[in-house]
Amino acid sequence: MAGPPIISVIIPTHKRRAQLRQALLSLAEQDCGRDCWEVIVVEDGEEEPPNAELAALMERMPLRVFRQPYSGCGIARNTGAANALGRYLVFTDDDCLFPRDWLSRFRKAFEGASGCVVAGRSTNWLRDN
């Protein structure tokens with residue numbers, strides 16, 4: 001990474017490795033340059049050994065993983081924020097999937113509205129969720 005990223009994507013997770021894997025695979029396909037973003041996963045109360053799949057995904061994207069005793073989603077988000085290197089923080093969940101231009105659109109919005117909050121909405125395509 002040439003310098004600090006522009007965007008830090010923060011994902012708290014609690015015992016949902018299958019969903020997290022899908023979310024991260026989706027993020028790995030972003031069209032935003034690798035040097036402009038990072039992903040921070042906070043494993044909140046995970047009792048299993050560190051996930052080898054996460055280590056493999058580190059080769060596909062700028063990914064850092066933190067573990068903490070179970071504290072809840074809000075505290076996990078704060079842990080991610082405290083460790084973020086990006087100028088802007090984007091919070092999402094471990095069961096989301098992202099279009100290829102998701103981060104590019106955030107970057108454009110941040111650059112056009114410096115000092116403002118940028119919000120978006122999600123569409124839940126899972127009928128049983």
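Student: How many aromatic pairs does the count come to here?
Tutor: It comes to 4 aromatic pairs, where rings of Phe, Tyr and Trp (its six-membered ring) pair if their centres lie within 6.5 Å; planes under 30 degrees apart are stacked, over 60 edge-to-face and the rest tilted. Keep in mind that this is a predicted model: local features need pLDDT of at least 70, side-chain atom pairs count only at pLDDT 80 or more, and totals for chains, interfaces and linings use all residues. Residues are numbered from 1 along each chain as its sequence is written, and side-chain values use heavy atoms, with hydrogens and water left out.

Student: Why is the pair of W102 and F106 edge-to-face?
Tutor: Their ring centres are 5.2 Å apart and the planes stand at 85°, so the pair is edge-to-face.

Student: And what kind of aromatic pair do F106 and F110 form?
Tutor: F106 and F110 are stacked, with 5.8 Å centre to centre and 25° between the planes.

Student: Is F110 buried or exposed?
Tutor: F110 is buried at 4% relative accessibility; buried means under 20% relative accessible area, exposed over 50%, and partly exposed in between (1.4 Å probe, protein chains only). F106 is buried too, at 14%.

Student: Switching to cysteines, which ones form a disulfide?
Tutor: C32 and C36 do, with their sulfur atoms 2.3 Å apart; a disulfide is a pair of cysteine sulfur atoms within 2.5 Å. The link is right-handed, with 130° about the S-S bond.
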